[in-house]
Amino acid sequence: MAAALTVLLIGCLLQTALCGQFKTIIPQTIKVLSGSCVTIPCSFDVEDQYISRIDGTCRAMWKSDEQTVVFDSSNPQSSAIQGELKGDLTRRDCSTTLNNMRPEHSKEYLLRVQCDVFKHSFRDQKLHISVTDDPPTPTLTPSTLKVEEGTSVSLKCSAPAPCLSHPPALTWTSSLVHIQESLQENLDRTKVQTSVLTFTASRLHHGKIISCTAVYNKQDGSSQSVSTSLTADVSLSSQFIILPQTIEVLSGSCVTIPCSFDVEDTYKSNVDETCRAVWKNDQGTVVFNSRDPQTTGHLTGKLTNRDCTTTLNNMRPENSMKYFFGLECDNGLKYDFKTGQMDISVKDDPPTPTLTPSTLKVEEGASVSLKCSAPAPCLSHPPALTWTSSLGHIQDSLQENQDRTKVQTSVLNFTASRLHHGKIISCTAVYNKQDGSSQSVSSSLTADVSWSSQFIAFMPQTIEVLSGSCVTIPCSFGVEDTYKSNVDKTCRAVWKNDQGTVVFDSRDPQTTGHLTGHLTGNLTNRDCTTTLNNMRPENSMKYFFGLECDNGLEYDFKTRHMDISVKDDPPTPTLTPSTLKVEEGTSVSLKCSAPAPCLSHPPALTWTSSLGHIQDSLQENHDRTKVQTSVLTFTASRLHHGKIISCTAVYNKQDGSSQSVSTSLTADVSYSPKHTTVSVSPSGPVPENSIVTLTCSSTANPAVRSYTWYRADGGQETVMGTGHVLNIKASRDIGPFFCEAENAIGSGRSNISQIDVHIAPQILSSYGCIQTADQLNCSCETVGNPPPALQWYLDGLPVNHSDRFATSSEPLNISGLRSIITVSQPQQRDLSTLLCHSSNSLGSATQRFCVNNLEPQISAKHQDFVMLLVFITIIVALFLIICGLLLVIRAQRTHQVVHKSTVAMSQVLTSGEADEEPNAEEEAIYINTNEARQGGVAEPAANSEPNSANLPGEEGSDVIYSSVNWKTKSRKRKEEDSEQGSAW
């Protein structure tokens, strides 16, 4: 039993892996404009056992629910929603067009395939159609435009095209240059109309609104439009002159020269109202001066806006030569822009207008857009464009090329019908000269419109094939109405060369003729698409299609030949755009395209630089040939600048071998300064007052145009100087600094740097002592680089932390130090001179503190005040002593009093009490001279000072010692004084 279950399980797995399944591939949602049609891209699959039942009897039905059929391909005109089956059910292609959709048709739909021997409703996949009254807004890519002047710009406008017979017409309000339109396919096979606008950005585009308008034509003949826009942000470049390289002019007409310029920053202020524009030929002869233009022309631009656009009148063939622009100002600025020369070619005949596309080969009912373009070198007299066959709507505009020259365009839109077939459609450009005369020139094409009521075949005119590979020929045909019923399953496709030799027969595809292959189209659906295998160079020739049926219908479509060219080398892929010049941050889209003539072996496209998202798709050209495309999208950065981006197409042949070919471009990405750095020379520590060279370096594109140096003073930034190199004098006040580099895109700053300036130690003036009854605190602050060390000395000996002395230190900053010494019970200690000593590798500094008679202090800041009080006290004391002595002397001179005083003094002297000296020893009186000077005290004369041999760094100290000796008078002197008093 278990074995049976295992076999059953394996069978189920194999059934799932090897067999088909019932499924449809359709979009999940399609939005449709009310009154328009919708083309539903659709394909389906069935289980393998039912494939043979999908035959010509099958019909497609679309249902809004299980019971309601809204469209039946067997009776399309009587269905609830009319339409047409576009696909071939035998090829499992169920693509369908539903017409005249209305809001009430907004609902989900499912597909049902019904044949004589098969029927199935694909319920698992449903399509939601949303019908709206307003058309969808087109999309601009990129959505913003911020570029540098001179950059090649590519703007893509995209609008959904749900109705393939009436795709939206896209127009640009600012027609700046070349426009390329195409109908592209989304991943879900819905279509989108695109228009790519390419131009070169200039300062004149700055602030300009660029908009794209999508016009949706409905099936009732009415139309609706919707627009989207952006504002161009163009930054000025450092480029000196921008003007075309070549301009072709009609003789007797004028020429408007688009011109813009720039000057170095130093001279920008010189470009003022005093300036004039001069144009010179290549011999240096002035041919135009804006200050005295007379009739030769006029300056249309404004020089103060760097716009030198000029119109020169009445050009003649003899004026065909090179010219350059010159700027001359009254303030001394004169410059000839000789590096940018322009070649003007004056012709007797006007240029022929260009038709795009140059050929017209369409099916009846297709929407056609023909564009006629003619150069407009003279803006005051642009060419007038007219169509000889006014078939539909005409829209004229003046557009701008990449070099800012102008082109007049006229777009003719119409729906092709059999009445247009073979009609010559021409566009005529009429050039009016300045003398009143005119000249005209035309360009034309012949419309090739196919329809189903005649014998006609549609195929490419030329296909290029790689030798050893296959070629798939897209082919369709029509027959006259009389023979439509003859095109049945008995028909076969034959291909003949231009000599009429059959080279392929679909009934015997492997052996007949010279080529093998297979018919991929369904002849009953007028599809004669055929694949021919293993093409060789000898198969390069013209071919035509023939139809042969067993019911007697045979027809060779000789009027439509196809030229097959078999090459040994594969075609080079195409990059769009071919150059890449953008600003950092811009969204870039690069498209690589390679022809895919062999659908079973399309080329594989790879990018050498996988920079971002890659999306591959197989697209169809106008002639229904295929092209393999790969779109690389990324955001440009400075890392991409100078990088080679290449696309390689690998073609696999049918014999298993392969060949590859590549194309590439070099990315030119402009960006603001990056990696801005500062280098200091010399790089290590430098002595104070030495010269230091600072260099600012940065990477930028375009190159850096200015360097500015700043000092970073906290939150303030002060300019130090300008220039790539800056020489400064090293000082302790230099502080941190940085440099800023600037170019046309922006600026970049370096990190903050600092110079390591070495300075000798210095003791700050904030030193001082504070004494209380219990302790003495002295502080000393020092700065220097390298950071100095502090040491205390007392009586010439170093003081270290102990139970008698407490020392502590703390940093002031990266190069400063504060040290505090605390002496406990100073009155019990024999203190003398205290010394603070600071030192580093460059020198030392010393400060003395005399503390043996130091009174308690409030703080060092009050020393001046204290000294002043001491000074006043001393002066008052001296004054009182002198006054007392004077009074004593005066009293002695009084006779009576003198006698009594003499007797009294004699007694005193006799007693011996007066022999005592005030002090047997010298008593030292000291004063800090700095404090004394501040207090206004004169320096005492020093007659002796203590021995300081053991104290470090005493030189330069401001302490002066003075001794006062108290002595007794001799007895003899006393007696003399007594006698003098008696004699008085």
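## Aromatic cluster

In this predicted model, ring pairs join Phe455, Phe477, Tyr483, Trp495, Phe545, Tyr555 and Phe557 into a cluster. A search of the whole structure returns 19 aromatic pairs, and one of them is formed by Phe455 and Phe557, a tilted pair with 6.3 Å centre to centre and 55° between the planes. Phe455 belongs to the loop between β36 (438-450) and β37 (456-458), while Phe557 belongs to strand β46 (residues 554-567), so this pair ties together parts that are 102 residues apart in sequence.

Phe557 also pairs with Phe545, and here the rings are stacked, at 5.5 Å centre to centre and with 20° between the planes. Because Phe545 lies in strand β45 (residues 541-548) and Phe557 in strand β46, this second pair ties together parts that are twelve residues apart in sequence.

## A charge over a ring

A contact of another kind involves Arg749 and Tyr710: the charged end of Arg749 sits over the ring of Tyr710, at 5.6 Å from the centre of that ring.

The largest cavity has a volume of about 60 Å³, and its lining consists of Val249, Leu250, Ser253, Cys254, Ala376, Pro377, Cys378, His381, Pro383, Tyr431 and Asn432. Strands β20 (246-250) and β35 (424-432) each contribute at least two residues to the lining of the largest cavity. By class, the lining of the largest cavity divides into eight nonpolar and three polar residues, with no charged residue among them.

The second largest cavity has a volume of about 40 Å³. Which residues line the second largest cavity? They are Leu466, Ser469, Pro597, Cys598, His601 and Tyr651, and by class this lining holds four nonpolar and two polar residues, again with no charged residue.

How values were computed
Residues numbered from 1 in each chain as written. Predicted model: local features only at pLDDT ≥ 70, side-chain atom pairs only at ≥ 80, totals over all residues. Heavy atoms only, no water. 1 Å grid on protein atoms, 1.4 Å probe; cavity = no way out; pocket = protein on both sides within 12 Å on 5 of 7 lines; lining within 4 Å. Points joined across faces, edges and corners; volume = space filled by probe spheres on them. Helix = DSSP H or I, 4+ residues; strand = E, 2+ residues; numbered from the N terminus. Nonpolar A, V, L, I, M, F, W, Y, C, P; charged D, E, K, R; others polar. Phe/Tyr/Trp six-rings, centres within 6.5 Å; stacked < 30°, edge-to-face > 60°. Lys NZ or Arg CZ within 6 Å of the ring centre and 35° of its normal.
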